[in-house]
Amino acid sequence: MALNIDRLIITTDETARAYLKRAYDIAWNRSSDNKTKTGAVIVSPFKNYISKEISNGYNHLTPGVENIPEWSERPLKYTGTVHAETDAISKAAKNGARLEDSIMYMPWIPCTLCYIIIKNSGIKMLVAHKEMVLMSPPHWEEDLNRTIFLAERSKFPIILYEGKIGGVKSLFDGKVWEP
Ligand SMILES: [Zn+2]
């Protein structure tokens with residue numbers, strides 16, 4: 001199996017690179033996950049030359065179980081972890097920030113559940129980093145392909161930034177690398 005990214009739109013836009021860098025920085029500096037650190041940035045408004053960050057998030061264990069060792073490992077880790085995308089969206093809800101017509105920058109492609117929440121929140125577009133998407137571990141492919149399928153069915157654009165980000169580090173599937 002492979003990821004069905006062939007029909008996704010490619011960009012080399014500088015704004016995309018800058019916000020993806022911000023998402024990688026948030027992931028590296030704030031995520032406590034010991035295997036994969038992800039970050040997401042939500043920017044508003046869509047279709048405007050002046051953009052503004054309205055929320056951000058990173059993957060982390062839900063409060064209260066950080067120091068319980070079994071919750072830091074699979075399978076409980078999967079149950080107790082808030083993903084970067086839903087972290088950013090739920091923080092926006094907490095802060096009363098409207099997400100209609102905004103853009104999410106998230107280096108990786110969202111899991112199906114996160115995609116459904118992204119789509120329902122009013123976010124209009126997602127920008128990911130092609131290099132990180134291509135590193136997706138095989139056990140995630142089926143779920144990410146479902147996200148791509150759902151996005152295509154609802155005409156929700158997933159844009160891939162092609163190129164290096166520069167000046168950031170990332171922990172992905174247990175490996176430190178430089179996007
Ligand atoms: Zn997710």
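## The sheet

Six strands make up an open sheet with mixed pairing, in the order S1-S8-S7-S6-S2-S3; helices (H or I, at least four residues) and strands (E, at least two) are DSSP runs, numbered from the N terminus, and two strands pair if DSSP finds at least two bridges between them. Strand S1 (9-11) and strand S3 (52-58) are the edge strands, each with a single partner, so one side of each has no neighbour in the sheet. On average, and ignoring direction, neighbouring strands are turned by 25 degrees against each other; the axes behind such angles are lines fitted to C-alpha atoms, for helices over the stretch in contact, and angles run from 0 to 180 degrees between N-to-C directions.

A word on the basis of all this: this is a predicted model, in which local features need pLDDT of at least 70, side-chain atom pairs count only at pLDDT 80 or more, and totals for chains, interfaces and linings use all residues. Residues are numbered from 1 along each chain as its sequence is written.

## Pairing and packing on the sheet

Strands of a sheet pair through backbone hydrogen bonds, either parallel or antiparallel. S7 and S8 pair in the parallel sense over four bridges, and Leu 126 stands opposite Ile 158 in S8. Helix H3 packs on the sheet and touches S2, S3 and S6, its direction making about 130 degrees with that of S3. S8 also pairs with S1, in the parallel sense over three bridges, with Thr 11 opposite Tyr 161 in S8.

## The nonpolar core

The largest nonpolar core holds 38 residues, and Leu 20, Ala 23, Ala 40, Ile 42, Met 104, Tyr 105 and Met 106 have the most contacts inside it. Such a core is a set of buried Ala, Val, Leu, Ile, Met, Phe, Trp, Tyr and Cys residues joined through C-beta atoms within 7 Å. Elements giving two or more residues to this core include H1 (14-30), S2 (39-44), H3 (84-95) and S6 (103-105). H1 gives the most, with seven residues.

Leaving aside neighbours within four places in sequence, Met 104 is in contact with Ala 40, Ile 42, Glu 85, Ile 118, Ile 123 and Leu 126; contact here means that C-beta atoms, placed from the backbone, lie within 7 Å.

## Helix H4

Cys 114, Tyr 115, Ile 118 and Ser 121 are buried in H4. A residue is buried if 20 or more other C-beta atoms lie within 10 Å of its own, exposed if 12 or fewer, and partly exposed in between, with C-beta atoms placed from the backbone. These four cover an arc of only 130 degrees around the axis, which puts them on the same side of H4; the arc is that of the directions from the helix axis to the C-beta atoms. They pack against H3, S6, S7 and H6. Just after H4, Gly 122 has a positive phi of about 100 degrees.

## Helix H6

In H6, the buried residues are Leu 144, Thr 147, Ile 148 and Ala 151. Seen down the axis, they fall within an arc of 95 degrees, so they line one face of the helix. H4 and S8 are among the elements that cover them, while Glu 142 and Arg 153 are exposed on the other side of H6. Lys 155, which follows H6, has a positive phi near 55 degrees.

Note on methods:
Two residues are in contact if their C-beta atoms, placed from the backbone, lie within 7 Å.
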